[in-house]
Amino acid sequence: MKALVLHKAQCFCFCLGQYIAVKQDTPNTFLVLLIKECYTYVGNNTSKCYEKYSVWDGRQMSFNFIRGQRLDINLLNEISRRPELFAKGTDSLWDDPHISRHMLSAHLDPGSDAASRKISIINHTVTWLAKQFSKSKADILDLGCGPGLYAKELAALGHNVVGMDFSKRSIEFATADAAKENLKIEYIYKNYLTMDFDARFDVILLIYCDFGVLSNSERDELLKRVHKALRPGGMFIFDVFNEKCPCSKIIQKGLSIEKDGFWAEGQYLNLFETFLYPDDRAFVDQYVVIGETGDIKVYRAWNHYYSKDEIGEVLGSFNFSKHRYYDNIIESSNFTSTDVTFIVTCKA
Ligand SMILES: C[S@@+](CC[C@H](N)C(=O)[O-])C[C@H]1O[C@@H](n2cnc3c(N)ncnc32)[C@H](O)[C@@H]1O
């Protein structure tokens, strides 16, 4: 049994979780893995608690971590344990051919916050964004533009928009969508950590807390490149999870057995867990996906949440100034925390 107490003890957020009791090896090599999930999370006056037991007949499994008809518990433990801060998974969430198909559907679902925010929130955000720009025809770069949900609205308002993303599927969709809507948007399939523009944009956007996904060294690399890509006085506008986030973030630990689901084709087992790093203001949602052939993939969605002091200091060290903070731009979220701060900062 593991107990995890969040750093903000006054929020009464905690999570208890346990899995793995193993009985095995009758003469018929019968394996039973008993899984118990037990969560309690209490934050912002909400609380939830449930327990679930699953019994699993090992004879039906072909995982290669069954060795000599025994589960290799050490391997299971090794692959699902708490990672080092900002350690990458084995695979990327964004450009896997199977996952990106599901991801694109999630982006385009107007009522979901899963990959992009709900369309009502996007429209509200675009209206707010446009009020921040000083020009009626600004040169805008949308980093991590996904399928172009913000880019196309901004282009329709008359701005010159460039979208950049390293999801091939999203960029292909966005390009076709812009052509269909007769919008002149340039979409670039590229990792924004390698972009190299020189004083080309009035505004650079990074929307849906992607700033917090970056490790500190990646973040610093991005800020250097964003600063270079902006014209003097140009604006960088982005959003981050703020310090209230751990109290409303859903802490999860458990498993699911799915067929042709979000993570993979065919049948697979998904061990998922949220790990918290309160000293570093970070958390990670980790998914260990084990396919029927025994292949194991580890996906990690990191998030660094920021205080205004911390983000102000980081931005200042890259010669950004006049930071403005906005805490109430988005309404409630059905997928992730709503405790988000938008930041507008200027190239000094
Ligand atoms: C959470 S989605 C948000 C998409 C879009 N901003 C929105 O809110 O609709 C994050 C997007 O950033 C892209 N992305 C993540 N890291 C990236 C990187 N280093 N370079 C380019 N794109 C990246 C992903 O492919 C994905 O489309």
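Helices (H or I, at least four residues) and strands (E, at least two) are DSSP runs, numbered from the N terminus. Asn182, for instance, lies in the loop between helix 5 and strand 9. The structure described here is a predicted model.

**Confidence**

The protein has a mean pLDDT of 81, and 78% of its residues reach 70 or more. Residues 1–64 form a stretch where the pLDDT is below 50. Beyond near neighbours in sequence, this stretch still has 108 contacts in the model. Where pLDDT is low, predicted coordinates should not be read in detail.

Seven strands make up an open sheet with the order 9-8-7-10-11-17-16 and mixed pairing. At its edges are strand 9 (185–189) and strand 16 (320–326), each of which pairs on one side only. On average, and with direction ignored, neighbouring strands of this sheet are turned by 15° against each other. Strand 7 and strand 10 run parallel, and across this pairing Ile140 stands opposite Val203 in strand 10.

Two helices lie across strands of this sheet. Helix 5 (residues 168–180) lies across strand 8 (160–165) and strand 9; its angle to strand 9 is about 165°. Helix 6 (residues 216–229) lies across strand 7, strand 10, strand 11 (230–241), strand 16 and strand 17 (340–347). The angle between helix 6 and strand 11 is about 145°.

An open sheet of four strands has the order 12-13-14-15, with antiparallel pairing. Strand 12 (253–259) and strand 15 are its edges, and each has a single partner strand, so one side of each is left without a neighbour in the sheet. Neighbouring strands here are turned by 20° against each other on average, direction ignored.

Within this sheet, Glu273 stands opposite Gln286 in strand 14, and Ile290 stands opposite Ile296 in strand 15. Strand 14 and strand 15 form a hairpin with four residues between the strands. Gly294 in this hairpin takes a positive phi near 95°.

| Strands joined | Bridges | Direction |
|---|---|---|
| strand 7 (residues 139–143) and strand 10 (residues 201–206) | four bridges | parallel |
| strand 13 (residues 267–277) and strand 14 | 10 bridges | antiparallel |
| strand 14 (residues 282–291) and strand 15 (residues 296–304) | nine bridges | antiparallel |

**Positive phi outside glycine**

Asn182, in the loop between helix 5 and strand 9, has a positive phi near 60° without being a glycine. Asn182 counts as exposed because it has 8 C-beta neighbours inside 10 Å, the limit for exposed being 12 or fewer.

Asp260 is not a glycine either, and its phi is positive at about 45°. Asp260 belongs to the loop between strand 12 and strand 13. With 12 other C-beta atoms within 10 Å, Asp260 is exposed.

**Surroundings of the ligand**

There are 19 residues around the ligand. Those that come nearest are Trp94, Ser116, Gly144, Gly146 and Tyr208. By residue class, the shell divides into 10 nonpolar, seven polar and two charged residues.

Key:
Residues are numbered from 1 along each chain as its sequence is written. This is a predicted model: local features need pLDDT of at least 70, side-chain atom pairs count only at pLDDT 80 or more; totals for chains, interfaces and linings use all residues. pLDDT is the predictor's confidence in each residue, from 0 to 100. Two residues are in contact if their C-beta atoms, placed from the backbone, lie within 7 Å. Two strands pair if DSSP finds at least two bridges between them. Axes are lines fitted to C-alpha atoms, for helices over the stretch in contact, and angles run from 0 to 180 degrees between N-to-C directions. A residue is near a molecule or strand if its C-beta atom, placed from the backbone, lies within 6 Å of it. Ala, Val, Leu, Ile, Met, Phe, Trp, Tyr, Cys and Pro count as nonpolar, Asp, Glu, Lys and Arg as charged, and the others, Gly among them, as polar. A residue is buried if 20 or more other C-beta atoms lie within 10 Å of its own, exposed if 12 or fewer, and partly exposed in between; C-beta atoms are placed from the backbone.
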